[in-house]
Amino acid sequence: MPSSTRESLAYRTALSIIADVDPVIAQAIAGELDNQRRQLKLIASENYASAATLLAMGNWLSDKYAEGTVGHRFYAGCEVVDLVEARAAEAARQLFGAPHAYVQPHSGIDANLVAYWAILARQVEAPTLADLGVSHVNDLDESGWERLRHTLGNQRLLGMSLDAGGHLTHGFRPNISGKMFHQRSYGTDPATERLDYTEVARLAREFRPLVIVAGYSAYPRRIDFAVMRQIADEVGATLMVDMAHFAGLVAGKVFVDDFDPVPHAQIVTTTTHKSLRGPRGGIVLCQPELAEFVDKGTPMVLGGPMPHVMAAKAVALAEAARPEFAAYAYRIVDNAAALADGLQRRGARLVTGGTDNHLILLDVATSFGLTGRQAEAALLDGGVVTNRNAIPRDANGAWYTSGIRLGTPALTTLGLGVTEMDEVADIICSLLAAASPAPAGSGPSKARYELAPDAAEASRRRAAELLARFPLYPDIDLS
Ligand SMILES: Cc1ncc(COP(=O)(O)O)c(C=O)c1O
């Protein structure tokens, strides 16, 4: 690997400066690169950001407080942060064709919270204040304040169920969204394992939610957002789409027309670090009528913005606007289809029978007699990083699970193509076929497993061969 590249020099210098203060952390940073270089990364929510994106975060922009929005700050001296935030927001608007973008959320959870509270502020708080004859919450007397709090706390949300692929932030009890809203969820059709829009419409008519959330972390198919909007309009709900997982496919114009959420939903949230390949963070896009409420994310639910991360978002969004990124997005989907095909040809059962996005849900219970937890651990032994995931109507529950979620954004960034996906499918199936549940007192264990001799080593060798052909950060040599 080249040791004289600008990237090598930048990172070696940065690490030596860090090592002067805390050598353990400097080693950990280098160690994470080592680890990632040794593993085939199939975690659907991870990627590898560019050196430009990563470096945009490691600087003194981090030192500046800038609560408020562009041109309306609660601190002096924010002209540079104004420039950074305006540039990132403009890049997001352009890339996604959205009327308004808010780039301050620190993560996907935060983006969703901003979106929920923007909807609540517009649909519940504003009319309640008008009803009570005041224009600001601070002008409410105690009984008015209690009435507003009661009304805000009694709203309904309809989202996708967890075992169908929804996310905890879509109204589930362990997350604050589940404590804020009365929630009901729609699942998938038991026969096809796909979204059943007629059933979503029936539930919406019955439940009359304020918010309908579409979007997922583990659903291997596209969603028709035009239909979801029709359903929302019919019951007077606001359609919110969480495109955290597939934002890169929207940016790269793989998901267009009815599959592009931006023209259909009133509000769209995303993370920036998954298929979009940016820094960790979130963005909210919305229609003009929600903009003033979204812009109050700080101080409504967020602390001061992170100017260094907004800078990195601007860099990543500029990268995502390039034609190479669209080609990358198409390759992600082609690779997922090739991986699905390779797994199925080797006898694996996939939820919905395949994929038309960036992810695959492999039913390891039916295919290999394993729990998701056993499969996840066995694959890690063999140099393949994945995560276990519940499948619809999962008999093993949310902890052990019956599935493994596989995603192609990261390996596609490395340059692997459809031919290599067949090799990856073979590595996965060979390893899982060599694993079996360990015996436990009352039957097979759900956690422990046994692996045939040499299976893990053979798998690691094959993974290493692929990774040697497609190295991670080829321009960075830390030695
Ligand atoms: C659909 C969806 N929304 C939100 C999030 C939360 O993102 P973050 O981890 O950045 O808070 C995730 C991440 O797993 C996700 O998959």
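## Getting started

Two strands pair if DSSP finds at least two bridges between them. Strands (E, at least two residues) and helices (H or I, at least four) are DSSP runs, numbered from the N terminus. This is a predicted model: local features need pLDDT of at least 70, side-chain atom pairs count only at pLDDT 80 or more, and totals for chains, interfaces and linings use all residues. Residues are numbered from 1 along each chain as its sequence is written.

## The whole chain

Let's begin with the big picture. The protein chain contains 20 helices and 17 strands. Its radius of gyration (over C-alpha atoms) is 23 Å, close to the 23 Å from the globule rule (2.2 Å times the number of residues to the power 0.38), so the chain is as compact as a globular protein of 479 residues. Along the principal axes, the C-alpha atoms of the chain fill a box of roughly 75 × 55 × 45 Å. Of the 479 residues, 48% are buried (20 or more other C-beta atoms, placed from the backbone, within 10 Å of their own).

## Helix H5

Helix H5 covers residues 108-131 and has 24 residues. After H5 comes Gly133, with a positive phi near 75°.

Strand E4 (residues 100-102) pairs with E10 in the antiparallel sense over 3 bridges, and His100 has Cys286 as its bridge partner. Strand E9 (residues 267-271) also runs antiparallel to E10, joined by 5 bridges. Here Val268 stands opposite Leu285 of E10.

Key
A residue is buried if 20 or more other C-beta atoms lie within 10 Å of its own, exposed if 12 or fewer, and partly exposed in between; C-beta atoms are placed from the backbone. The expected span of a helix is 1.5 Å times one less than its number of residues.
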